[in-house]
Amino acid sequence: MADEDAPEVVVTKYTFLKADSDEPIGAEDGLEEGQAPDDVWLRNTEAGEDGEPCRARAEYPNGDVYVGEFDEAGNKHGRGVYTYHVPAVREDPADPDSEIKVEATSYSYDGEWVDNERSGVGKMVYANGDTYHGQWEHGQRHGQGSYVKANGDMYSGSWSEGAKYGSGIYVYKKDGSQLVGKWVLNKFKQGVWKLKDGTVYATEGTGRFVKNVPEGPGAFTFKNGNVQRGEFITKKGVAQPVWKPLEDTAVDRRRRERARHSPQATDGPLVSVFLFMLVFAGGSSGPYRPATPATLPRSNSSSSSS
C-alpha cells in the first residue's frame with residue numbers, strides 16, 4: 001500500500017517540439033494515437049533521416065526551463081534557450097509561508113550547447129541587467145565577446161575561463177573614457193587611458209597598471225598634439241600614485257624661464273611640478289573606474305613638444 005503522506009517526487013517534464021517551431025509535436029510529426037507530446041523521459045532522440053536532432057522543452061524540478069535541441073544521449077546539444085530560476089528568499093527558509101524578503105527572479109542564456117555545457121556563441125542576460133554576447137567554452141566566457149553592464153559600461157575583447165584576459169577595450173558610459181590594452185584576470189595591466197576631452201595617457205617602457213592604477217613611466221598626449229612624459233610614483237603612506245613629469249630637457253628649461261618672466265606666455269605648456277591624483281572605484285568583478293582627474297597637466301594650443 002502506498003504511503004499517502006509520502007512527499008510527491010518532482011521529476012523533469014519533457015514536451016517534444018516540432019523541428020521548426022516551439023509548438024508540441026502532433027500526429028503529422030509521427031506521434032502515435034493515444035500518445036502525448038510530453039513525458040518524464042526523453043524519447044525518439046535518434047536523429048532522423050534529415051539529420052535534425054530532437055527538440056524539446058524541459059521543465060526541471062528546480063524551476064529551470066530549457067527549450068532547444070538534444071542529442072541521442074539526451075544531452076543539451078545544439079541551439080537552445082535556458083532560463084535559470086532564482087527562488088525567492090524568505091525570512092525563514094524552512095517555512096514556505098514565511099515573509100518574502102527578496103522576490104524570485106531569473107536570467108537566461110540563448111545560444112549554442114555542447115554536451116550540456118554552454119559552448120559556442122551565445123548571449124547571457126543576467127538577473128541584474130548585465131548582458132554578455134560572444135564566445136563560450138565549457139560553460140564560461142571564453143574567446144571574443146562583449147559584456148555590457150546595467151549602468152552602460154562596456155568591455156569588448158578577449159576572455160579566458162570567464163575572466164577578461166588579453167586585448168580589450170573598456171568604455172565608461174558616464175564620462176566616455178576608455179581603457180585600451182592588455183588585461184589579465186579582469187585587471188587592466190598595460191595600454192592607454194583615453195579621456196573624453198581627447199587627452200590620452202599611455203604606459204611606456206616598464207610602465208604598467210597595477211590593480212587598474214597606473215605605475216611607472218608613461219606619457220600624456222593632449223588633443224593639440226602636446227606631449228608630457230613622466231612617471232607615476234607610488235610613495236609609502238600615499239594611497240594614490242603621484243605623477244612626476246620629466247622637466248630636465250633644454251626645451252623645458254627655456255619654457256620655465258619664459259613662464260617666470262611672462263606668466264601670460266602661451267607658446268608652450270606649463271610644466272611646473274604638480275600632483276596628479278587618480279581616484280578609483282568599482283566592483284571586484286570588473287575594472288575600477290578612474291574618475292576624471294581634478295588636476296590635469298596644463299597644455300595650450302599654440303605649440304607642441306615631445
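This is a predicted model: local features need pLDDT of at least 70, side-chain atom pairs count only at pLDDT 80 or more; totals for chains, interfaces and linings use all residues.
Trp159 sits in strand β12 (residues 154-160), and the protein as a whole has 1 helix and 22 strands. Here's a quick tour, starting with the aromatic rings.

**Aromatic pairs**

- How many aromatic pairs are there? The count comes to 28 aromatic pairs.
- In one of them, the ring centres of Tyr147 and Trp159 are 6.2 Å apart and the planes make an angle of 40°, so this pair is called tilted.
- That pair ties together distant parts of the chain, since Tyr147 belongs to strand β11 (residues 140-148) and Trp159 to strand β12, 12 residues apart.
- Tyr147 counts as buried because its relative accessibility is 15%, and the cut-off for buried is under 20%.
- Tyr170 and Trp183 also pair up: their centres are 6.2 Å apart and their planes are at 35°, so this pair is tilted too.
- Tyr170 and Trp183 are both buried.
- If you wonder why two values are quoted for each pair, it's because a pair of aromatic rings is described by the distance of the centres and the angle of the planes.

**The nonpolar core**

- In soluble globular proteins, nonpolar side chains tend to be buried together.
- The largest nonpolar core in this model has 34 residues, and the members that touch the most others are Tyr66, Phe70, Leu179 and Tyr201.
- Strand β3 gives this core its largest share, 3 residues.
- Which residues does Tyr201 contact, leaving aside its neighbours within four places in sequence? Among them are Trp193, Phe209, Phe220, Phe232 and Trp243, along with several glycines, including Gly191 and Gly216.

**Salt bridges**

- Side chains of opposite charge can pair when their charged atoms come close.
- The model has 6 salt bridges.
- Arg55 and Asp22 form one of them, at 2.8 Å from N to O.
- This bridge joins distant parts of the chain: Arg55 is in strand β3, while Asp22 is in the loop between β1 (13-16) and β2, 33 residues apart.
- Are the two partners buried or exposed? Arg55 is buried, at 15% relative accessible area, whereas Asp22 is partly exposed, at 48%.
- Arg57 and Glu59 make another bridge, at 3.3 Å from N to O. Arg57 is partly exposed at 32%, and Glu59 is partly exposed at 29%.
- Glu215 and Arg208 meet at 3.2 Å, N to O. Glu215 comes out as partly exposed at 26%, and so does Arg208, at 44%.

**The surface**

- Val9, Val11, Val40 and Trp41 make a nonpolar surface patch of about 440 Å².
- Val40 lies in the loop between β2 (38-39) and β3 (54-59).
- Val40 counts as partly exposed because its relative accessibility is 39%.
- The protein exposes about 18100 Å² in total, with 50% of that supplied by carbon and sulfur atoms.

**The overall picture**

- Of the protein's 306 residues, 34% count as buried.
- Take the contacts between residues at least 6 apart in sequence: 30% of them join residues at least 24 apart.

Definitions and conventions. Residues are numbered from 1 along each chain as its sequence is written. Side-chain values use heavy atoms; hydrogens and water are left out. Patches are made of residues with over 30% relative accessible area and no salt bridge: like charges are joined within 9 Å, nonpolar side chains (Val, Leu, Ile, Met, Phe, Trp, Tyr) within 5 Å. Accessible areas come from the Shrake-Rupley method with a 1.4 Å probe; for residues, only the protein chains shown count as cover. A salt bridge is a side-chain nitrogen of Lys or Arg within 4 Å of a carboxyl oxygen of Asp or Glu. Helices (H or I, at least four residues) and strands (E, at least two) are DSSP runs, numbered from the N terminus. Buried means under 20% relative accessible area, exposed over 50%, partly exposed in between (1.4 Å probe, protein chains only). Contact means heavy atoms within 4.5 Å. A nonpolar core is a set of buried Ala, Val, Leu, Ile, Met, Phe, Trp, Tyr and Cys residues joined through side-chain atoms within 4.5 Å. Rings of Phe, Tyr and Trp (its six-membered ring) pair if their centres lie within 6.5 Å; planes under 30 degrees apart count as stacked, over 60 as edge-to-face and the rest as tilted.
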